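Reader: I'd like to learn how to read a protein model. Can we walk through one together?

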Amino acid sequence: MAVVRCRLAFGATLWVNSQSLSWLRQDPGARLIESSQFVAIPTWVRYIVPSLYDRPMLIPKKSLGQNFLQDDNIARKIVKNLHVQRGDHLVEIGPGHGALTRHLRELTDELTVIEIDRRAVEVLRERWGSSLRIVHADVLQVSLTDLRRTMGGRLRVVGNIPYYITSEIVFWLFDQRAYVSDATLMVQWEVARRFIALPKTKEYGILSVFAQYYTKPRLLFKVSRNSFYPRPNVDSALVQFTFKSTLEDGNEELFRRVVRATFGKRRKTLRNGLRCMGLDEPALKKLAFDLTQRPEDLTYQEFLRLTSLVEPLMNSGREVSERSDERYISSQT
Ligand code: SAM
């Protein structure tokens with residue numbers, strides 16, 4: 001690969017590839033003051049100067065949420081917090097050019113990475129060849145059932161994930177929880193606080209209820225926005241979700257509908273939200289539940305209890321409409 005030697009204003013001399021050079025040229029913080037001509041550098045040199053691999057190799061694409069981790073101490077700290085054991089099957093979401101991947105690879109061969117950006121896939125292939133399982137795809141289209149078939153065991157997920165699809169990724173995990181033992185994800189600080197928020201706080205919402213229903217979420221540590229390139233406008237945090245092996249009894253699908261319907265009318269009473277599910281006032285009066293509360297007052301266990309009370313009303317509602325459908329059909333024949 002062609003690389004160029006350049007000197008930065010504070011005196012450091014770096015060898016970087018052509019893409020990184022254009023990145024440095026755009027970055028006023030780097031204060032690039034000199035660069036020499038391109039030279040070809042043999043692969044073996046990059047082996048003995050591994051720091052060349054540490055330099056960002058891709059021009060970040062905002063549309064893909066590319067804020068690359070550039071602080072290797074944070075990368076090490078994330079990986080240390082995974083406590084990787086022999087036999088663990090790891091799946092990394094969005095490896096980019098491998099800031100976490102290289103530390104994960106030191107601990108296990110049982111690693112699959114899922115990356116949408118073809119350029120990043122090329123960088124990873126160049127570095128690890130076929131020894132790294134790379135799925136070049138949109139993570140939301142990947143089936144963990146298929147991955148588990150290849151890898152075996154329950155999967156441990158990790159990633160500095162693209163923030164623009166944080167909720168989608170988390171729900172993608174919840175939906176495939178049978179195959180996941182835990183997920184350790186870098187997310188925006190505000191979002192991290194929502195996962196662990198308690199009822200009656202301003203951060204508490206749909207994400208809190210679902211995260212606490214499906215998992216035990218833990219906020220591990222905060223990460224400064226300065227640890228990324230390009231620097232985002234907000235800080236981040238590492239959150240670990242440990243998936244519950246069994247869920248409390250209840251109609252999961254209806255539970256999800258109740259939570260969404262009531263939070264859809266946030267700051268309104270539960271009564272308002274339930275009305276949107278087609279429950280009328282006489283039906284609501286039958287509920288032995290304080291419907292003057294707001295959704296942000298309820299723990300997920302209380303939502304489960306509400307769901308169990310709503311369920312027979314929904315069923316009888318369905319019976320009513322089925323009976324009237326039957327009447328309609330018989331009147332037509
Ligand atoms: N792990 C790298 C790091 O820490 O430097 C990159 C993190 S960057 C915040 C997010 C990564 O997710 C990028 O590499 C981006 O290309 C990738 N990505 C974005 N959308 C994706 C998607 N839908 N499926 C898979 N990867 C995606």
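This is a predicted model: local features need pLDDT of at least 70, side-chain atom pairs count only at pLDDT 80 or more; totals for chains, interfaces and linings use all residues.

Reader: Which residues have the most contacts inside the largest nonpolar core?

Author: First, the general idea: in soluble globular proteins, nonpolar side chains tend to be buried together. A nonpolar core is a set of buried Ala, Val, Leu, Ile, Met, Phe, Trp, Tyr and Cys residues joined through C-beta atoms within 7 Å. Here the largest one has 61 residues, and L100, V157, V180, V239 and F303 have the most contacts inside it. Helix 10 (residues 206-214) gives the largest share, six residues; helices here are DSSP runs of H or I, at least four residues, numbered from the N terminus.

Reader: And where does this core lie?

Author: Between domain 2 (68-243) and domain 3 (252-323), because both give residues to it. Those bounds come from an automatic or database domain assignment.

Reader: What does F303 touch?

Author: Leaving out residues up to four places away in sequence, F303 touches V209, F255, V258, V259 and L298. Touching, or contact, means C-beta atoms, placed from the backbone, within 7 Å.

Reader: How far apart in sequence are contacts in the protein chain?

Author: Take those between residues at least 6 apart: 60% of them join residues at least 24 apart.

Conventions: Residues are numbered from 1 along each chain as its sequence is written. Two residues are in contact if their C-beta atoms, placed from the backbone, lie within 7 Å. A residue is buried if 20 or more other C-beta atoms lie within 10 Å of its own, exposed if 12 or fewer, and partly exposed in between; C-beta atoms are placed from the backbone. Helices (H or I, at least four residues) and strands (E, at least two) are DSSP runs, numbered from the N terminus.
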